[in-house]
Amino acid sequence: MEQTATQHGHETVAQVEKREEMAGRLMVALDVPDVEQASLLIDKLEGIPCYMKVGMQLFYAAGPGFIRELKARGYSVFLDVKMHDIPNTVRGGAESLTLLGVDMFNVHAAGGTAMMAAALEGAAKAVSLHPSLHIPLIIAVTQLTSTSQEMMNREIGISGTVTDTVVRYARLAAEAGLHGVVASPQEAAVIAAACGPDFRTVTPGIRPAGASLDDQSRVMTPGQAIRQGSHFLVVGRPITAAADPRQAALTIIEEMTQA
């Protein structure tokens, strides 16, 4: 992977490997409406070994073929479709997503432990039928990073603090056998304390210093999130809406590396 313009001198193998590792922990949110715009963005990021996160808008427009294209180009793919349904429906959905070859997908923890366990069962069934596949990382959404405490208490009807709810959902996800959760970076440390350091935290709400918060409520900079223990950082508009998306991504990776 190329270096940023701020780097000077020779690097050790360990430094290069750390930068590659951090690139693999950056998830670029392809929150665009169609394949054409997604492809333009991907071309600008060519050679950066980041995850690609495909959300509902793009997946519904582009379909499974686009996921196969990303995999053919060598990318890890997080399919962010947030399944939340009866266990049997989620079991079937998880089987289909695993057959598609995604590396990560998510469900809503609010669906309960039986539903979350069903997602794992569906993935395992797909692998049993096609041993060349692997079980994706299956993670549970705790509370959206756009959710403030006032919204959670008054509108959603859950009492207590956001952190309390996130930790409770994380424990339920671990109980169901899932690999981690989606949460804000502010909760990464308490989730690790509750569920262990290997339980993954995938954290949206990442905003470089000085960037617009957009519709996010619970945010951190990339360096802060890494120091808090986030395993994967989801970054959308600070990269995709930047004048130079490639440089924006490289700058974020550099900050992650230096954290």
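**Close-up views of helix packing and a salt bridge**

**View 1. Helix H1 (residues 13-25) packs against helix H12 (residues 245-258) at an angle of about 120°, with their axes 9 Å apart.** This is a predicted model, in which local features need pLDDT of at least 70 and side-chain atom pairs count only at pLDDT 80 or more, while totals for chains, interfaces and linings use all residues. Residues are numbered from 1 along each chain as its sequence is written, and side-chain values use heavy atoms, with hydrogens and water left out. Helices (H or I, at least four residues) and strands (E, at least two) are DSSP runs numbered from the N terminus. Axes are lines fitted to C-alpha atoms, for helices over the stretch in contact, and angles run from 0 to 180 degrees between N-to-C directions. The angle makes H1 oblique to H12; under 35 degrees counts as roughly parallel, over 145 as roughly antiparallel, 65 to 115 as roughly perpendicular and the rest as oblique. Lys 18, Arg 19, Met 22, Ala 23 and Arg 25 of H1 meet Ile 253, Glu 254, Met 256, Thr 257 and Gln 258 of H12 (contact: heavy atoms within 4.5 Å). These residues comprise 4 nonpolar, 2 polar and 4 charged (nonpolar: Ala, Val, Leu, Ile, Met, Phe, Trp, Tyr, Cys and Pro; charged: Asp, Glu, Lys and Arg; polar: the others, Gly among them).

**View 2. Helix H8 (residues 162-175) and helix H9 (residues 188-195) pack at about 40°, with their axes 10 Å apart.** From H8, Thr 163, Val 166, Val 167, Ala 170, Arg 171 and Ala 174 take part in the contact, and from H9, Val 190, Ile 191, Ala 194 and Cys 195. The contact residues divide into 8 nonpolar, 1 polar and 1 charged.

**View 3. Helix H2 (residues 35-44) packs with H4 at an angle of about 10°, their axes lying 12 Å apart.** The two helices, H2 and H4, are therefore roughly parallel to each other. Val 35, Ala 38, Ser 39 and Ile 42 of H2 are in contact with Phe 66, Glu 69 and Leu 70 of H4.

**View 4. A salt bridge joins the side chains of Asp 103 and Lys 71 (2.7 Å, N to O).** Asp 103 lies in the loop between helix H5 (87-100) and strand S4 (104-108) and Lys 71 in helix H4 (residues 64-72), so the pair ties together parts 32 residues apart in sequence. The count comes to 13 salt bridges (a side-chain nitrogen of Lys or Arg within 4 Å of a carboxyl oxygen of Asp or Glu).
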